[in-house]
Amino acid sequence: MMAQTRREFIRKAAALSAASYVGMNLPLGPINLVLADDGVTWHRGSCRLCGVGCRVELGVKDGVPMGLRGVTESRTNFGYLCMKGMHFWKCMRHPDRLVKPLYRARKTDKFKEVSWDEALDIAATRFAEAHKAGGGAAVAYYGSGQALTEETYLFQKVMRGGLQSNNVEGNPRLCMASAVGGYMSSFGADEPIGGYADLEKAHCFFIVGSNTAEAHPVLFRRIMRRKLDNPDTVKVINVDPRVSQTSRIADMHLQFKPGTDLSLLNAMAHVIIAEKLYDAEFLKNYATFRKGKGEAATFVELQAHLAKYTPEEAARTCGGTFKPEDIRTAARWFAGSKGTVSLWTMGLNQRKQGVWANNMMHNLHILTGQLMKDGADSLSLTGQPNACGGVREGGGLCHILPGHRPIEAEPMRRQVEAAWGIPAGRIPAEPGLHTMAMFSALNEGKIKAIWINCTSPAQSLPNCTLYNKGLDREDVFIVCTDIFPTLTTEKANLVLPASFHFEKTGVYGCTERRSQLTKKAIDSPGEARPEVWMIREWAARLAKKLNDPVIAQCIKPFVGLEEGYALPQAIWDEYSRKLTAGRDSDLSGATYAVLEQMADGVQWPAPTAEYALTGGTVKKFVKGRDPLATKLSKNDLPYQFYGAAHEDRTLWVWLRDQANPEEIPDAEYPFYLSTGRIIDHWHTMSMTGRVPELLRANPYAFVEVNPRDAARLGIKPGDMVEVRSRRGVNLLPAKVYEGPVEGMVFVYWHDQHPDRMINKLTKDAFDPGSKEPEFKICAVQVKRASGPQPLQPFIV
Amino acid sequence: MPISGVVITSRPTDKAEVLRALAAIAEVEVFGDDAQGNVVAVLETVSSEEMEKLIDRISKNPFVLHVGLTYLNTEDEAERMARGEPLARPFGFRRPTGEEP
């Protein structure tokens, strides 16, 4: 029990900390901070969880992690943290941590502990066998937006350059691929033009398909503060079929039938054109128009295209839940404000027409000129902490190489091969299999060996029952790296214990193009090792078994380096200096030495250390603010859209249509099902489900039912409800409240219990462009099964 | 005894309601508030489990817009974990068949 005096010091330190954040003076004296910190060393890094990129310090006392505090100078969170971030320190010494390699020859056998030597040899042998039999097509890597950039980069280097396989994918395919597609096709380059700095200058927030208050709470705080400080001059428009915590600060909340938001966005564009709210000068200087697969179009064609998307028609299409005048108001606020920031996430991305939805958001900004100036941006919020930095930028998807290089472009492959010192022609010319195709290939036994890193597709894939069949196949060798057992490690042959955050060194790149460093602060438990060490050792063995010196070449720069710092630093140096230099995602100035000096990190492009130390590029494409815009300037205009995907160097306004989701309600399955996260739990709950305080608050998934639907179906709060789709069934306790729109139910997706794993019901239709699945919408039956039942939370 | 420092924010017009609600919670000590609707408080609970429940309860108050955490110290609990005391598992982690993992 803490001594009374020490306890008082800590209480006062906590009060002073919070007070300092809001500029409040407390008569407590700073001595308390010093005494509270007695014996504690604080280690700076990034939060492990969402895509905001909060900077934290982990408190360690006597080698034990025991506290967290925010970094007040960080331009992402200004020191604030959230409930999830506050508790992940407990994962570090949790008794369930994987601490030894585990192996079984058959998936029906029990796991036995093996040494690292044996484990890496097995991994190399099985991958070599698969490769000899089927080449690069027979092997695969499926990674994660939670893996460090160094991990993703090195894995894909060995896969592409070593095993000659572009079957490199990651779970951001399930969440951000449509955002990538949207940015590429609207702006010519991936990732936002602006970032968080726009929030404090915005006069209108357009929050669509995002429950920011619960999914990105620290960012929500900044929006909330901006609104509260300017209640009359700052407007917040929330567009979501579900009323959520985010709606509390909204001046206008528009609910709609799921999937009809495309018509709502087009209707806003209709109003913007009809009422001449567009920025003609901006359009003339910077925009062109596209239709179909990229054919040129004109403003007049856009106008004609949007003619049928009147506010009246959109209100009707959306289900009559708002008035046509609301769309006019929203459009006028959007266009007329001094600066509008849009924010969106899975509500728009996880859709069969996710790319189109993203295009339509960007359309509104391009039409109104709500871009480029401070306080204006179209800001896609990233879900995971390193989907941007590691996977989108580091070459972690089947169709792109590091540095935003499309695989299909031969000069791009040549550049990467030269940087790696491997023969020209080594990297296959065709993209590999995207995620859904990859797991279909497993189902068919076409992939014989797969490495799954830091993610649990057995639970996180849509229509997951189908893809579990492939994972169960005995002729598919599965290696999993993770920190805890998961539903996916249950399918593996080989499970390798990985170091957790702060137990290893590496970089995360967050939503706003900012890469930030976390240094090792504590040792890993047991025999857990960093992934970068595993990859190097595995590749060394692969090189011998396949008698292929090119595989050895892939890891040659990293041989013999100490794994806690020197090894990841060398990998980062190679990636940032050789693969990003000269690209739009240039991070060559952001060396470890630079990143270590910073409270937060560096926004690319940042081609020099001097520039990187200032924080990098706050606004892309603006001469004088973006070094590439200055360098690649072609004329006197202030904005230079040098994105490689648009050779004409313009922003593209796309003529897009309302299109239905793949599966909508009908007489047999009359409800929409949508899914999402709640603040307490993260993804598949393998981490947050092990933190008892988080588990207790929301021990299992609920189904949210609108009160009018509940009344019709005789469902009371706590009743057990059967939710059934064409693919599976769940039995869930009901929450009855004015959350989901009438005709829709909403289920949290974090539960591992087979009765409550909602991805058994979701549909695996995907966007034809981005290949991102439509998690957000499918059709279900809903009926009351019984009164309340006692339930046990379940975790592997 | 986990101890955290928090900034609880509401609309300025709702702050009085929030302060009333917080006053009724024994584990909360309010240290100050301002005209912008910010309330600075320290939360101290018997366990991390209770800390999380408390934060959740405050967050769900209809007048509270946001609970921002700035500092957390759980050294008591961390020391107990380091000594090998088992983590609280109020529900148990069981497979559907009832077997222990």
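A: A residue is buried if 20 or more other C-beta atoms, placed from the backbone, lie within 10 Å of its own, exposed if 12 or fewer, and partly exposed in between. Helices (H or I, at least four residues) and strands (E, at least two) are DSSP runs numbered from the N terminus. This is a predicted model, in which local features need pLDDT of at least 70 and side-chain atom pairs count only at pLDDT 80 or more, whereas totals for chains, interfaces and linings use all residues. Residues are numbered from 1 along each chain as its sequence is written, and chains are lettered from A and ligands numbered from 1 in the order in which they are written.

Q: How many of the residues of α8(A) are buried?

A: In α8(A), 11 of the 13 residues are buried; among them are A:Leu219, A:Phe220 and A:Ile223.

Q: Against which elements do the buried residues of α8(A) pack?

A: Two residues are in contact if their C-beta atoms, placed from the backbone, lie within 7 Å. The partners in chain A are β8 (204-208), α7 (212-215) and β9 (235-239), and those in chain B are β1 (3-10) and β4 (64-73).

Q: How is the pairing of two strands read?

A: Two strands pair if DSSP finds at least two bridges between them. In chain B, strands β2 (residues 28-33) and β3 (residues 38-44) are antiparallel, with 5 bridges. B:Val30 has B:Ala41 of β3(B) as its bridge partner.
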